[in-house]
Amino acid sequence: MTTRGETLQLATRGSDLALRQAATVRDSLSSRRLTVELVEVETTGDQIRDELIHRLGKTGAFVRSLDEKVLDGELDAAVHSMKDMPTERPDRLVVAGVPERAAAEDVLVTPDGRSLDELPEGATVGTSSLRRRAQLLAERDDLTVEPLRGNVDTRIAKLLAPSLQREHQERHEAEQERKGNAGDPDTDEEAEHPYDRTVEEWFDDLTEFERRAMERDPDTEYDAIVLAKAGLHRAGLTRYVGMADLDPDRFVPAPGQGALAVTAVDGDLALDIKDRLDDPQTRVETTVERTILEELGGGCVAPIGVHAQLEGGVVHTRVRVLSQDGTEEVSVGRDVPAERHIDAAQDLAAELAEQGADDLIAEAKRDSTGADDDAATAREEDEE
């Protein structure tokens, strides 16, 4: 049982998405007769708001602070997005529970739902993920890929701000023109002024989220951004944007994407959490993905996508390692036996290394100024 009697204290980041994710873990454990209290912890990554993830220096900037609380005995366990987590963990700390995974895929997010093929030539796409950037450029080298950071709601707000501001301006100008034409019998007001509501009425109908977005002054106007499908749904923001799925065979997700993980000190509590929370299929799939990442050693400084799906006795595995500009790649699709999935994942990683993945990863490390060359983490974005 827990180290604190009847209540398990679970560490989480304080962002809206992190709290939503931690709440799902809390509710799942609570339904299995375990009382859980969420405790918000500020992380190193939360404190560094203007630096790209792959230049944060040491890996696990959004994980370490939570796990330190667990190792120090201040809190019982911590919940993470699995793709945040370094593949190398401190001694005594284990991944105690892996709940059932949500969608692993990436999605292209636009104000109007356009697909990648429908974006205009030279369109600006926002992402701070090296993997997403390389895969976008490999598909369409005409795109301009610009950095984009922040929580999911911040990213969506940055995407929507210009279009909301334009509409506000257009409505304001139309209203002023309508007032100027008042009393002129030669003016066809209905044709000239298509809006059926005043600016004030339109603004009143906006949600609080849309109002905050409109007040932003974004440095970059994005035609689209790329996010994890799971994070967007968990954040409850799908109604504000259009989404186009990206084929996971071409846009191979980050290892562990869509999955959550609960860490705890190895022992009875960790076993208790596993018994109550673990999803065997997700455990196998994410183990394959993270084993390949660990063996390749690319961490957060190389564009690496790994996606595994367990079906029957095999794990369908897709791996894609690219240069940072997307012009070179080593990739493979392979079915590995579920009964020996760890050994098979290690063998697959060794094969990829021999085919040139090691060279691409070494080049990415050289190009990543300020990155930790010993990085071993799947982390590529601070909020999905």
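User: In which helix is the place of aspartate 359?

Analyst: Aspartate 359 sits in helix H12. One caution first: this is a predicted model.

User: What makes aspartate 359 count as buried or exposed?

Analyst: Its relative accessible area is 57%. Exposed means over 50%. Aspartate 359 is therefore exposed.

User: How far apart are the C-alpha atoms of aspartate 359 and serine 323?

Analyst: They are separated by 9.3 Å. Along the chain the two residues are 36 residues apart.

User: What does H12 pack on?

Analyst: Helix H12, residues 341-367, packs on a sheet and touches E11, E12 and E13. The direction of H12 makes about 170° with that of E13.

User: In what order do the strands of that sheet stand, and is the pairing parallel or antiparallel?

Analyst: The order is E11-E12-E13 in an open sheet of 3 strands, and the pairing is antiparallel. Neighbouring strands are turned by 10° against each other on average, direction ignored.

User: Why are E11 and E13 said to stand at the edges?

Analyst: Strand E11 (304-311) and strand E13 (329-337) each have a single partner strand, so one side of each lacks a neighbour in the sheet.

User: How do you know that E11 and E12 pair?

Analyst: Count the bridges. Pairing needs at least two. E11 and strand E12 (residues 314-322) have 8 bridges, in the antiparallel sense. Therefore they qualify as paired.

User: How many bridges join E12 to E13?

Analyst: There are 9 bridges, and these strands run antiparallel. Across from histidine 316 stands aspartate 335 in E13.

User: Why is E12 called largely enclosed?

Analyst: Of its 9 residues, 7 are buried, so the rest of the structure largely encloses E12. Helix H4 (residues 130-139) lies across E11 and E12, at about 80° to E12.

User: Which residues touch the most other members of the largest nonpolar core?

Analyst: Ile292, Leu296, Ile304, Val315, Val319, Val321 and Leu352 do, out of 25 residues in that core. Helix H11 (280-296), E11, E12, E13 and H12 each supply at least two residues. H12 gives the most, with 9 residues.

User: What is valine 321 in contact with, beyond its neighbours within four places in sequence?

Analyst: Its contacts are Leu296, Pro303, Ile304, Glu328, Glu329, Val330, Ala357, Leu360 and Ile361. Apart from this core lies another, of 23 residues, among them Val107, Phe209, Met214 and Tyr240.

User: Why is the aromatic pair called tilted?

Analyst: Phenylalanine 209 and tyrosine 240 have 40° between their planes. Stacked needs under 30 degrees and edge-to-face over 60. A search of the whole structure finds 1 aromatic pair.

User: Where do its two residues lie, and are they buried or exposed?

Analyst: Phenylalanine 209 is in helix H8 (residues 208-214). Tyrosine 240 is in the loop between helix H9 (229-234) and strand E9 (242-245). They are 31 residues apart. Both phenylalanine 209 and tyrosine 240 are buried.

User: Which residues of helix H10 are buried, and why are they said to line one face?

Analyst: In H10 (residues 268-277) they are Leu269, Ala270, Asp272, Ile273, Arg276 and Leu277. Seen down the axis, they fall within an arc of 160°, so they line one face of the helix. The face turned away carries the exposed residues Asp268, Leu271 and Asp275. The buried residues pack against strand E1 (7-12), helix H1 (16-30), strand E3 (77-81), strand E4 (93-97) and strand E10 (260-265).

User: How many helices and strands does the protein have, and what share of residues is buried?

Analyst: It has 12 helices and 13 strands. Of its 384 residues, 53% count as buried.

Definitions and conventions: Residues are numbered from 1 along each chain as its sequence is written. This is a predicted model: local features need pLDDT of at least 70, side-chain atom pairs count only at pLDDT 80 or more; totals for chains, interfaces and linings use all residues. Side-chain values use heavy atoms; hydrogens and water are left out. Helices (H or I, at least four residues) and strands (E, at least two) are DSSP runs, numbered from the N terminus. Axes are lines fitted to C-alpha atoms, for helices over the stretch in contact, and angles run from 0 to 180 degrees between N-to-C directions. Contact means heavy atoms within 4.5 Å. A nonpolar core is a set of buried Ala, Val, Leu, Ile, Met, Phe, Trp, Tyr and Cys residues joined through side-chain atoms within 4.5 Å. Buried means under 20% relative accessible area, exposed over 50%, partly exposed in between (1.4 Å probe, protein chains only). The arc is that of the directions from the helix axis to the C-beta atoms. Rings of Phe, Tyr and Trp (its six-membered ring) pair if their centres lie within 6.5 Å; planes under 30 degrees apart count as stacked, over 60 as edge-to-face and the rest as tilted.
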